[in-house]
Amino acid sequence: MQAFRYTQAKTVDVALDPGQRFLAGGTTLVDLMKLNVETPHSVVDINLLPLDRVEPTPDGGLKVGALVRNSDLANHADVKARYTVLSEALLSGASPQLRNMATTGGNLLQRTRCYYYRDINYACNKREPGSGCPAQDGFNRIHAVLGGSDQCVATHPSDMAVAMMALEAVVHAKGAKGERQIALENFYLTPGTTPDKENVLEPDELITYVTLPRLAAGTRSHYLKLRDRAQYEFALASAAVVVQVEGSRIRRVRIALGGVGTKPWRSKEAEAVLEGKPAHTKNFEAAAAAAMRGAKPLKYNGFKIELAKQAIVRTLSMVTA
Ligand code: SF4
């Protein structure tokens, strides 16, 4: 690991230059520093900032501080009762020790598990723009089938962000130009020709909190994660569904996918198929087909398309039963 300067931030009015990094739980950054993938000259520890609370919002939603630990958020009574999909997604991620350290803001910003990205002996456009993408013709079993480009096909690894995408969360950030709100749907970028730029945050901006909107009475939700082993493993395909059923018909539904896209993947195509229709397996299958219609398999990851369809159908069946 390269030597770096360590300081602690006392207020949220802290600005970074491009060679600096914020440190919260450290579950991504410290790993990547040990691998020399991240080599900041300066690390600003933000753990003393007062951003560690979960509070109700005036409109009946929830405000989650950026430093709320994943385990605290997953086990928060309001999250378990009303935002079940979020609690389930958080508890499906990593290990208890990691969840005790990992934070809400850090989880949104965690970096890909692409093997080539994490090994500096390989080229990688995300790590070093213009150097190449060995995953395109290499071993790409864990890579994306949605949202990729010829520059990068890395998946976003977060479970929490997939649930938050289905919940239509809003990210609040503060930087030199002031505060702003970004709908999570507009927060992440697909790689295109700039895979090193993963989201719309400016280099000096800090995520301060995330808000979850109030859910209509009767809304149900569920997160299903399919992976190689039952614990401590990233998703090969996952589905987050938030749904309101009236009688036998789906009044409103939000669907997001993990493990298959270059960002937490909201499927408006699947939602459009379902809204106003009976909660029936045939419609679930049509929605799953719509969600994966644009998928582009690589040599080793074609199985993810069927896996994601199964995840969607199964999750919809469970949450509407
Ligand atoms: Fe790098 Fe993306 Fe290619 Fe992986 S898929 S090697 S992260 S450019």
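In strand β8, I207 stands opposite A173, a pairing that belongs to the antiparallel contact of β6 (residues 170-175) with β8 over five bridges. The model is predicted: local features need pLDDT of at least 70, side-chain atom pairs count only at pLDDT 80 or more, and totals for chains, interfaces and linings use all residues. Residues are numbered from 1 along each chain as its sequence is written, and side-chain values use heavy atoms, with hydrogens and water left out.

- Strands are DSSP runs of E with at least two residues, helices are runs of H or I with at least four, and both are numbered from the N terminus; two strands pair if DSSP finds at least two bridges between them.
- Strand β8 covers residues 206-212, and seven of its seven residues are buried, so the rest of the structure largely encloses this strand. Buried means under 20% relative accessible area, exposed means over 50%, and partly exposed lies in between (1.4 Å probe, protein chains only).
- Strand β5 (residues 62-65) also pairs with β8, in the antiparallel sense and over four bridges; here V64 stands opposite V210.
- Strand β4 (residues 54-56) pairs with β5 over three bridges, again antiparallel, and E55 has K63 of β5 as its bridge partner.
- Five residues lie between the strands of the β4 and β5 hairpin, where G60 takes a positive phi near 90°.

**The open sheet**

- Four strands follow one another in the order β9-β10-β11-β12, forming an open sheet with antiparallel pairing.
- The edges are held by β9 (220-226) and β12 (265-266); each has a single partner strand, so one side of each is left without a neighbour in the sheet.

**The nonpolar core**

- The largest nonpolar core has 37 residues, of which L73, L86, L108, M164, L184, F187 and L212 touch the most other members. Such a core is a set of buried Ala, Val, Leu, Ile, Met, Phe, Trp, Tyr and Cys residues joined through side-chain atoms within 4.5 Å.
- At least two residues of this core come from each of β5, α2 (70-74), α4 (84-91), α7 (160-166), β6, β8 and β10.
- Helix α7 gives the most to this core, with seven residues.
- In soluble globular proteins, nonpolar side chains tend to be buried together.

**Salt bridges**

- The whole structure contains 20 salt bridges, each defined as a side-chain nitrogen of Lys or Arg within 4 Å of a carboxyl oxygen of Asp or Glu.
- One of them joins the side chains of D31 and R118 (4.0 Å, N to O). D31 is in helix α1 (residues 29-34) and R118 in the loop between α6 (104-108) and α7, so this pair ties together parts that are 87 residues apart in sequence.
- D31 is partly exposed at 31% relative accessibility, whereas R118 is buried at 18%.
- Another salt bridge links E168 with R266, with the closest N and O atoms 3.9 Å apart. Because E168 lies in the loop between α7 and β6 and R266 in strand β12, the pair ties together parts that are 98 residues apart in sequence.
- R266 is buried at 14% relative accessibility and also forms a salt bridge with E271, where the closest N and O atoms are 2.7 Å apart. E271 is itself buried, at 4%.
- Through shared partners, salt bridges join E168, E185, R252, R254, R266, K268, E271 and E275 into one network.

- A94 has a positive phi near 55°, although it is a residue other than glycine; A94 is placed in the loop between α4 and α5 (96-101) and is partly exposed at 31%.
- E168, likewise a residue other than glycine, has a positive phi near 60° and is partly exposed at 29%.

**Cysteines**

- The structure holds zero disulfides, a disulfide being a pair of cysteine sulfur atoms within 2.5 Å.
- C114 is buried, with 8% relative accessible area, while C133 is partly exposed at 21%.
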